[in-house]
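Hi,

Here is the structure I said I would pass on.

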Amino acid sequence: MPTSGKADEAQPRPKSSATPIESEEISLIEYRCQSCNAAYPLGADDVIATCPYCGYTFEVDTGKTLKHSMIPNRLAVQEASEVVRNWIASVAARSVGSHVAKAVDIETPMLQWLPMIRVDADCRTHYSGGKKTQTGVASAYWTKIENETTSHEPIWVLARRHASDFGVEEFVDSIGDAESVTFDIKAIQSALLLNSELEETDAQPRARVNKVLKDRNTLLRTMTSLFDYQLEMNFKSCSYIHAPYWLVPYTYHNGTFRVALSGVTGQVLCAEVPVTKRYKASQWLKSLGLLISSALLFLSLPIATFFILQFASGSSGEAILLPLIILFGAAVLWAESVKTLGRVLRYQITMTADGKSREKGDSLKESLKIIAEVSS
Ligand SMILES: [Zn+2]
């Protein structure tokens with residue numbers, strides 16, 4: 001979380017209704033609760049605030065009281081530790097070795113309540129795309145997929161401006177259509193309660209972006225290319241809801257790592273794991289394989305060019321593309337080999353809940369897809 005807001009997006013501070021006292025730190029403002037009179041600090045970017053003592057929730061700018069609910073937390077501290085222990089032993093151990101599970105020391109899990117805005121909207125989408133059904137040497141067959149859908153589903157928006165927290169993207173996905181209950185400060189269990197940095201109306205454009213990205217990802221699992229996608233959203237309501245997110249630190253050989261859990265589902269969201277000797281060995285091998293493939297492709301380049309010049313001079317100009325494709329493919333494999341090697345040099349990697357290495361835009365698959373598209 002940022003500790004200081006940028007000057008250009010400075011918000012007007014609480015007005016007459018509140019009695020703000022600027023504290024030494026510019027980012028925090030001492031505030032006195034309208035309901036129970038307890039003093040507590042407000043963050044400089046907080047837009048909707050909740051009293052950590054009585055649960056009184058209000059809009060900072062207007063002082064207006066806000067209706068507010070929460071999604072129950074399914075994990076106790078002990079259970080959170082167990083979930084992490086089991087995950088390391090069963091999932092992480094597959095790539096880093098089972099000796100890791102025996103040597104980890106799980107520290108006290110920390111519960112945080114993240115502010116979410118649930119946006120309810122009627123959504124109509126129209127999309128068209130294509131699925132490559134058979135790839136031959138000379139031709140490919142495409143099936144056109146076109147559809148219209150209507151749905152009414154909750155879309156969750158994290159009500160923080162800078163959402164770089166570990167596993168938060170996965171956390172938002174984990175909420176789904178979980179039931180919420182009336183907010184009760186006792187159920188917070190004195191865990192950290194984060195305030196909203198977004199107004200409910202600010203959440204609408206974000207909800208739209210979330211919906212488009214989610215649909216795109218889902219559609220691209222069933223088709224090769226998405227040609228057109230249109231979304232019509234009719235916003236119905238927004239509600240302010242706190243949801244339970246866990247961060248569990250653990251140590252292994254003097255290093256500290258983190259596992260993020262969803263208190264909504266009780267499951268692991270993602271985790272940092274140490275790069276062990278076993279993991280290094282597997283990545284070395286993979287990198288070497290990629291490097292050899294890349295070298296072989298480079299070597300084939302003069303031969304391919306020679307044959308094209310010899311025999312294809314009279315035929316279509318497309319043949320001349322082949323050396324370029326080979327060159328591109330070789331370069332991609334080489335880059336991937338270097339990247340794989342880079343993982344060995346790292347001290348830790350981030351894994352998804354099912355034990356895959358989590359890197360934004362899995363580049364090898366993406367790149368191979370591009371090659372396939374260019375060459376077909
Ligand atoms: Zn209060």
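Of the 376 residues in the protein, 25% are buried. Please keep in mind that this is a predicted model. Its mean pLDDT is 83, and 83% of the residues reach 70 or more. The stretch to be careful with is residues 1–25, where the pLDDT is below 50; that stretch has 30 contacts in the model beyond near neighbours in sequence.

As for the overall make-up, there are 7 helices and 15 strands. If you take the contacts between residues at least 6 apart in sequence, 67% of them join residues at least 24 apart.

On to the core. The largest nonpolar core has 54 residues, and the members that touch the most others are Met 116, Ile 117, Val 157, Val 259 and Leu 261. Strand β12, residues 225–252, gives the most to this core, with 8 residues. There is also another core lying apart from it, made of 5 residues, including Leu 290, Leu 297, Val 332 and Leu 333.

Which residues does Met 116 touch, once those up to four places away in sequence are set aside? They are Trp 156, Val 157, Leu 158, Ala 159, Ile 241 and Ala 243.

Next, follow the chain along from β12. This strand runs antiparallel to β13 (residues 255–262), and 8 bridges join the two. One place to look is Leu 247, which stands opposite Ala 260 in β13. The two strands form a hairpin with 2 residues between them. In that turn, His 253 has a positive phi of about 45 degrees. Asn 254, in the loop between β12 and β13, has a positive phi too, near 70 degrees, and is a residue other than glycine. Asn 254 counts as exposed because it has 5 C-beta neighbours inside 10 Å, and the cut-off for exposed is 12 or fewer.

β13 also pairs with β14 (residues 268–274), again in the antiparallel sense, over 3 bridges. Ala 260 turns up here as well: its bridge partner in β14 is Cys 270. β13 and β14 make a hairpin with 5 residues between them, and Gly 266 in the turn has a positive phi of about 80 degrees.

β2 (residues 28–32) and β3 (residues 39–43) pair antiparallel over 5 bridges, with Pro 41 in β3 as the bridge partner of Glu 30. This hairpin has 6 residues between its strands, and Asn 37 in the turn has a positive phi of about 70 degrees.

One more backbone detail is at Ser 190, which has a positive phi of about 50 degrees although it is not a glycine. You will find Ser 190 in the loop between β10 (181–182) and β11 (192–193). Is Ser 190 buried or exposed? Ser 190 is exposed, because 9 other C-beta atoms lie within 10 Å.

Now the helices. α5 covers residues 277–311, so 35 residues, and reaches 51 Å from its first C-alpha to its last, close to the 51 Å expected at 1.5 Å a residue. α5 does bend, by about 30 degrees at Leu 301, and Pro 302 follows within four residues. Tyr 279, Gln 283, Leu 290, Ser 294 and Leu 297 are buried in α5, and the buried residues of this helix pack against α1 (77–96) and α6 (321–345).

α1 has a bend as well, of about 40 degrees at Ile 88. Its buried residues are Ala 80, Val 83, Val 84, Trp 87, Ile 88, Ala 92 and Val 96. Gly 97 follows α1, with a positive phi near 100 degrees.

Last, have a look at Lys 211 in helix α4 (residues 203–222). Leaving aside neighbours within four places in sequence, Lys 211 is in contact with Cys 123, Ile 155 and Leu 231. Why is Lys 211 partly exposed? There are 19 other C-beta atoms within 10 Å of Lys 211, and a residue is buried at 20 or more.

Cheers

Terms used:
Residues numbered from 1 in each chain as written. Predicted model: local features only at pLDDT ≥ 70, side-chain atom pairs only at ≥ 80, totals over all residues. Core = buried A, V, L, I, M, F, W, Y, C linked by C-beta atoms within 7 Å. Contact = placed C-beta atoms within 7 Å. Pairing = 2+ DSSP bridges. Expected span 1.5 Å × (residues − 1). Bend = angle between axes of the 7 residues up to and from the residue. pLDDT = per-residue confidence, 0-100.
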